[in-house]
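I am opening a notebook on a structure that is new to me. The entries below record what I looked up.

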Amino acid sequence: MSSVGIVMLVHSALDRAEQVARHWRAAGCPVVIHVDRKVPRPIYDAFRTACANDPQILFSKRHTCEWGTWGIVAASQSASEMMLETFADVRHVYLASGACLPLRPVQELIDYLADRPRTDFVESATTADVPWTVGGLDSERFTLRFPFSWRKNRFLFDKFVALQRALGLKRKIPEGLTPHMGSQWWCLTRQTLSAILQDPNRARYDRYFRQVWIPDESYYQTLARLYSGRIESRSLTLSKFDFRGKPHIFYDDHLQLLRRSDCFVARKIWPRANRLYQAFLTDQSEAMKRTEPNPGKIDRIFAKAVERRTRGRDGLYMQSRFPKHGNENGLTSNPYSLFQGFTELFENFEPWLKKATGMRVHGHLFAPDRVQFAGGDTMINGALCDNAVMRDYNPTAFLTNLIWNTRGERQCFQFGPGDNQAINGLVARDTNAQISVITGAWAVPLFRSNRNFADLRAEAARLQKIESEHLTILRSGLTKARVRIWTMAEFVESPMEPVQMIIDEIATAPTSQLTEAPKMVDLSGFGQFLQNLKNQGMHPYLMGDFPVEPDPVNPPKSLRKPYLVR
């Protein structure tokens, strides 16, 4: 007879439960199975008949098991009582579920427990020391009543909790008990388990825990503290939970991960993980090495999985994780550059920049008529087309998708006050963005156009207002982008230094000193154009101080040759 007895709580995948039960039995461990009363009778009878040829696979009284309610504790009590009464040689009782899978030879577990005959393995910590309660109650689960199922009657559950809080109702914890919490998957010695089940005060304790929330995580964890001579506050079952408090499910591709854990048992195993069942329910030669169980070895991997699940990849947005403003994991996936005012001030700036940096240089991606992709393309990676209507349905998504689908290649594009301004906030908060702005350069195309001056004045006022609002965003304390801003007047005075600085930052390879800047447009008469705007009542202040050049046709009086008086 084995010194270890297995209590299995089963509610689904009964074929897998039978397979695992026979694996326990092959190592000599008696097994008592509790099958949830919600399992239909014909299915239960078939399962019981399939196991009938082994007299040491027994079935206990059935209870209805609902998550967070007393039924799970009652099920483990009934099965444990049967185990202790029927198998006198059992020294440790190991609680497992139908979704548990032994990872190491069962004999190693038997030997491990034989070397620790008086040690109880049950995770047991006070409520003040438990960090893993997620979206639930900690101390209140012991001081309030919970007659309603959290899953089936969530409305009544929440309302009754709120009512008890409002009325200041609190339950009295039975004298002598200090509530503890922990994993429901324990391994207790006969002495401790029998003391719990045969305690003269058991009826009183059971009445109390019947209305504790999730009692299977506190009943044995609390009562074991009364009777155990030595508790190791840990479970021998590898059971991981995600950030929502739900158990991780192990699939076939977790095989090597489970091997690295060195644990005796793991849950929850997907019923169709054929590779896992084949690998671990096998002969000794395929099993893991003898060593102390150490689930912490894989904690780093689970931590990375949780981070990936909750935060995602930098700059990748999916239907399952829609971004929350201010809580994104990287607004975009790669660095990119935004140029404002450069194409207006320099002739053929885009081809010059492409040649100087080797980057893909777009025109105005957010122009009102169409998306100006580099080279005049109508479509780019990720099936992003040049249709302005589709782009403007969600401009920020358009930009983040463009950066994601071209990752590995820095994108450079032009921007201005005439473009769709919906991306301003996103770009300003994005650490991947490099923003270079020449303020007031939007006036150059107006200066060179052949439009009525009244129309030019109105358009200049509109564009200046838009750019001023954009600059306010860029100068905000919330801005995280790399921002450089020059007035047009100071940039024109010495263009080589800022252009060289920009090129050095974004070029794929080290660049030599630029010998010449891109060719600047002819600005003769631009100062007078700005003065004319002022004369018409519009104050163009974003350009800086441009001198008004003398008019060679109608020079000021101070520059005219004096008349000779004869």
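**Entry 1: a loop residue**

I started with Val521, which lies in the loop between α21 (496–506) and α22 (526–535). The model is a predicted one, and I read every entry with that in mind.

Is Val521 buried or exposed? I found a relative accessible area of 5% for Val521. Buried means under 20%, so Val521 counts as buried.

Next I looked up what Val521 touches. Leaving aside residues up to four places away in sequence, I noted Glu344, Leu345, Phe346, Glu347, Val444 and Arg448. For Phe346 I also looked up the C-alpha separation from Val521, which is 5.6 Å, with the two residues 175 apart along the chain.

**Entry 2: strand β17**

I then turned to strand β17, residues 411–415. How many of the residues of β17 are buried? I counted 5 of the 5, so the strand is largely enclosed by the rest of the structure. Gln411, Phe413 and Phe415 point one way from β17, while Cys412 and Gln414 point the other way.

Which strands pair with β17? I found strand β13 (residues 336–340), parallel to β17 and joined to it by 5 bridges. Within this pairing, Leu338 has Phe413 as its bridge partner. I also found strand β14 (residues 360–364), which pairs with β17 in the parallel sense over 3 bridges. There, Val361 stands opposite Cys412.

**Entry 3: cysteines**

Cys412 had come up already, so I checked its accessibility: the value is 0%, and Cys412 counts as buried. I checked Cys187 as well, and Cys187 is buried at a relative accessible area of 1%. How many disulfides are found in the whole structure? My search of the whole structure gave 0.

**Entry 4: helix α16**

In helix α16 (residues 395–405), I listed the buried residues as Pro395, Phe398, Leu399, Thr400, Leu402, Ile403 and Trp404. An α-helix has 3.6 residues a turn, so residues three or four places apart point the same way. I then asked what covers the buried residues of α16. Among the elements I noted are β13 and β17, along with α15 (388–393) and α17 (424–429).

**Entry 5: an open sheet**

Last, I looked at a sheet of 3 strands, which is open, has the order β5-β12-β11 and shows mixed pairing. Its edge strands are β5 (101–102) and β11 (237–239), each pairing on one side only. I found β5 and strand β12 (residues 265–267) paired in the antiparallel sense over 2 bridges, with Pro102 opposite Val265 in β12.

Notes
Residues numbered from 1 in each chain as written. Predicted model: local features only at pLDDT ≥ 70, side-chain atom pairs only at ≥ 80, totals over all residues. Heavy atoms only, no water. Buried < 20%, exposed > 50% of the residue type's maximum accessible area, 1.4 Å probe, protein only. Helix = DSSP H or I, 4+ residues; strand = E, 2+ residues; numbered from the N terminus. Pairing = 2+ DSSP bridges. Disulfide = S-S within 2.5 Å. Contact = heavy atoms within 4.5 Å.
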